[in-house]
Structures are given as structure tokens and as C-alpha cells.
Amino acid sequence: GQIVKGRELDTMIDFLSEIKAEGTNLTLDVYSKGIGFLALKDKYKELDWLKFKNQIARDEYFNTLSKYDVGVIVTDRRVTLPTFPSKILDYTATGLAVFAIVEQACDLKEIQKNSKMIYLNHFKFNSEQVHKVKSFIHQLESLNQDEIKQEYSQFQEYFSLSNAKEGIMK
């Protein structure tokens, strides 16, 4: 995605570095382009678990997503209006779990409530959150295929037109 001012991707990378330092197995591939991308690529060139890759064409996008386990969403903490990052639709449609660092007003809270496959953080990077991320990763590793299918069934129901209509009617 776009690396623009306000999206604290570097703060998230530093946070993930803490988790990685505690022995958690993780890698992060960042696909983007532009000045912000090049600055981050240079800043973190020493991290072997972090790869910066060139932005890919839209027709390759979903095929590439299917090779991953978790999709990452980072928004701008300064946003005060309710938002809904559209990337979650792409990630859940391709069977990915979601690691989201989003502003307080973000509307992902509803879908995350009962999900084992969405980690939601409101720009809090403390020891409690380190523990929660490690638990989230462990939980993902322990899910069986039936549990994963159930999670995606819930995502589909949440994003269905009938659910949207019901929400509008209330």
C-alpha cells in the first residue's frame, strides 16, 4: 500500500522488532513505492526478517496475497472520523488473518470482537501489547481447518449485503 506521512509504519516495525527479539517467528514483506518506501527500506536494511518489495500490478495482487498468512493494515492515528480500511476485504477474501494498527475511530472494532483471526491495536506499543501479539500469533498457529472455515464464514456473513441492510435499518 501507500506509505504516506502519518502512517507510522516505522513505529510498527520497531514494535514487531521487539516481538521478534523475544523469539517469535515472523517475517514482514512490504510492497510499495515512492520516497517514504525508499526511506524505510534504507532505515531498516539490517533487519533480515523484513523485506521491501516493489509495488505489484493489481492483476498480481490477489495471487500474491494468497501466499501469505497475515495481512497488515496501518492507518493514520490522527484521523478522528470513523473509517473502514478496505484492505480487510481483500485479506479476508483470500483467507488471511489481519494484523491492524488503526486509529481509535476505526470501524474494525465490530468485526474484530469475536474473531480469532484479527489483531487490533490503537497505536499502543507496550509490553501488554507485545504479549497480545505473541498470543495472537500462537492462536493463529493452533487453529485447525474447521476453525478457520468458521472464521471466514463469520467474515462473509458480516460483509454480506443483508447484514449491511440490517445495520442501516437500525
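**Before selecting**

The model is predicted, so local features require pLDDT of at least 70 and side-chain atom pairs count only at pLDDT 80 or more, while totals for chains, interfaces and linings use all residues. Residues are numbered from 1 along each chain as its sequence is written, and side-chain values use heavy atoms, with hydrogens and water left out.

**The whole chain**

The chain contains eight helices and five strands; helices (H or I, at least four residues) and strands (E, at least two) are DSSP runs, numbered from the N terminus. Along the sequence, their pattern reads α-β-α-β-α-β-α-β-α-β-α-α-α. Of the 170 residues, 36% count as buried, where buried means under 20% relative accessible area, exposed over 50%, and partly exposed in between (1.4 Å probe, protein chains only).

Next, colour the chain by pLDDT, the predictor's confidence in each residue, from 0 to 100. The mean is 81, and 86% of the residues reach 70 or more. Strand S2 (residues 50-54) has the highest confidence, at a mean of 93, and helix H8 (residues 161-169) the lowest, at 49. Where pLDDT is low, the predicted coordinates should not be read in detail.

**The nonpolar core**

Select Met12 and Ile13. Within the largest nonpolar core, which has 43 residues, these two touch the most other members. Such a core is a set of buried Ala, Val, Leu, Ile, Met, Phe, Trp, Tyr and Cys residues joined through side-chain atoms within 4.5 Å. Helix H1 gives the most to this core, with six residues.

Which residues does methionine 12 touch, not counting residues up to four places away in sequence? They are Leu28, Val72, Val74, Phe99, Ile101 and Phe125. A contact here means heavy atoms within 4.5 Å.

**The largest pocket**

Now display the largest pocket, which holds about 1,400 Å³ of space. Of the 45 residues that line this pocket, Leu28, Val70, Gly71, Val72 and Tyr91 are the closest to its centre. Among the elements that give two or more residues to the lining are helix H1 (9-21), strand S3 (70-74) and helix H6 (127-142).

On a 1 Å grid over the protein atoms alone, a pocket is an open set of points where a 1.4 Å probe fits, with protein on both sides within 12 Å along at least five of seven lines; lining residues have an atom within 4 Å of a point. Grid points are joined across faces, edges and corners, and the volume is the space filled by probe spheres set on the points.

**Alanine 97**

Select alanine 97, in strand S4. Is this residue buried or exposed? Alanine 97 is buried, with a relative accessible area of 2%. Its contacts include Asp69, Gly71, Phe136 and Tyr152. Alanine 97 and valine 72 are 25 residues apart along the chain, and their C-alpha atoms are separated by 8.8 Å.

**Three further stops**

- Phenylalanine 123 is in the loop between strand S5 (118-121) and H6. This residue is buried, at 8% relative accessible area, and its phi is near 60 degrees, a positive value in a residue other than glycine.
- Glycine 36 is in helix H2 (residues 35-43) and counts as partly exposed, at 27% relative accessibility.
- Arginine 78 is in the loop between S3 and H4 and counts as exposed, at 54% relative accessibility. Its C-alpha atom is 9.8 Å from that of alanine 105, 27 residues apart in sequence.
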